[in-house]
Amino acid sequence: MFFNRYNVQNEDENEFLNIIASRPFAWAEVKGGNGYENVRGRVSFYRVQNGVVVFANIKNLPVSQEVCAENIFAMHIHQGEECTGDENDQFKNAKEHLNLNSCEHPAHTGDLEPLFAGRNGNAVYAYWTDRFTLSQILGKVVVIHLQRDDFVSQPSGDSGVKIACGKIVTR
Ligand SMILES: [Zn+2]
């Protein structure tokens, strides 16, 4: 299949669009927790020759309508395997960021690009990465946080509470 030998950086953008149009190898159906029930969407992971293409399509993020609002939401792959928790942290069992090489944040295996939402609360993006392989992330969970990631603070970028979560599954 063309997407198994595809090299993102040597091909044109039409090839990139073909990847997104194909069936992903793995995906996470993301659902909002208490207080954020309307947040929903999917993060899809596509196999390419030298890495993974990540495609995110998330709706109803809790945006502000202020003129200078950032409306940026951190998103990471966490090492836990369940989107459950307790009254203090409803996705506590998502645990910490996936970190296979004992690095500091934001050099964790599971650190993803943040979501930049529009005024309607929707965020869509796609990018290529070689931080992880598909086998390394299967069964783990994707978590969206209430705030942006500062890419400095340890251990998780001071990105606020977890508002949505989804387990990474395959066909
Ligand atoms: Zn991290």
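Figure 1. Among contacts between residues at least 6 apart in sequence, 62% join residues at least 24 apart. The model shown here and in the other views is a predicted one. Its chain carries 3 helices and 9 strands, and from the N terminus on the elements follow the order α-α-β-β-β-β-β-β-β-α-β-β. The C-alpha trace spans about 45 × 35 × 30 Å along its principal axes. The radius of gyration is 16 Å, which agrees with the value near 16 Å that a compact globule of 171 residues would have. Of these 171 residues, 36% count as buried.

**Figure 2. Strand E9 and its two partners.** Strand E9 (residues 162-170) is joined to strand E1 (residues 26-32) by 5 bridges, and the two run antiparallel. In this pairing, Gly-32 stands opposite Ala-164 of E9. Strand E8 (residues 141-145) is also antiparallel to E9, again with 5 bridges. Look for Val-143, whose bridge partner in E9 is Cys-165.

Figure 3. Strand E3 (residues 51-59) pairs with E7 in the antiparallel sense over 7 bridges. Ala-126 is found in strand E7 and is the bridge partner of Phe-55. Beyond its close neighbours in sequence, up to four places away, Ala-126 touches Ile-20, Val-53, Val-54 and Phe-55. Leu-17 is 109 residues away from Ala-126 along the chain, yet their C-alpha atoms are separated by 9.6 Å. Is Ala-126 buried or partly exposed? With 16 other C-beta atoms within 10 Å, Ala-126 is partly exposed, because a residue needs 20 or more to be buried.

**Figure 4. The largest nonpolar core.** In soluble globular proteins, nonpolar side chains tend to be buried together. The largest nonpolar core of this model has 38 residues, and those with the most contacts inside it are Val-30, Ile-58, Leu-115, Val-141, Val-142, Ile-144 and Cys-165. At least two residues of this core come from each of E1, E2 (40-48), E3, E5, E8 and E9, and E3 supplies the largest share, 5 residues. Take a moment with Val-142: leaving aside residues up to four places away in sequence, Val-142 touches Ala-28, Val-30, Val-43, Met-75, Ile-77, Cys-165, Gly-166 and Ile-168.

**Figure 5. Two cis peptide bonds in loops.** Most residues other than glycine have a negative phi, and most peptide bonds are trans. A cis bond joins His-105 and Pro-106, with omega about 5 degrees; Pro-106 has its place in the loop between E5 and strand E6 (115-116). Another cis bond runs from Gln-154 to Pro-155, with omega near 0 degrees, and Pro-155 lies in the loop between E8 and E9.

Figure 6. Asn-71, in the loop between E3 and strand E4 (72-73), has a positive phi near 55 degrees. With 18 C-beta neighbours inside 10 Å, Asn-71 counts as partly exposed. Lys-95 lies in the loop between E5 and E6, and the phi of Lys-95 is positive too, near 60 degrees. Lys-95 is partly exposed, with 15 other C-beta atoms within 10 Å.

Definitions and conventions: Residues numbered from 1 in each chain as written. Predicted model: local features only at pLDDT ≥ 70, side-chain atom pairs only at ≥ 80, totals over all residues. Pairing = 2+ DSSP bridges. Helix = DSSP H or I, 4+ residues; strand = E, 2+ residues; numbered from the N terminus. Rg over C-alpha atoms; globule rule 2.2 N^0.38 Å. Buried ≥ 20, exposed ≤ 12 C-beta atoms within 10 Å, placed from the backbone. Contact = placed C-beta atoms within 7 Å. Core = buried A, V, L, I, M, F, W, Y, C linked by C-beta atoms within 7 Å.
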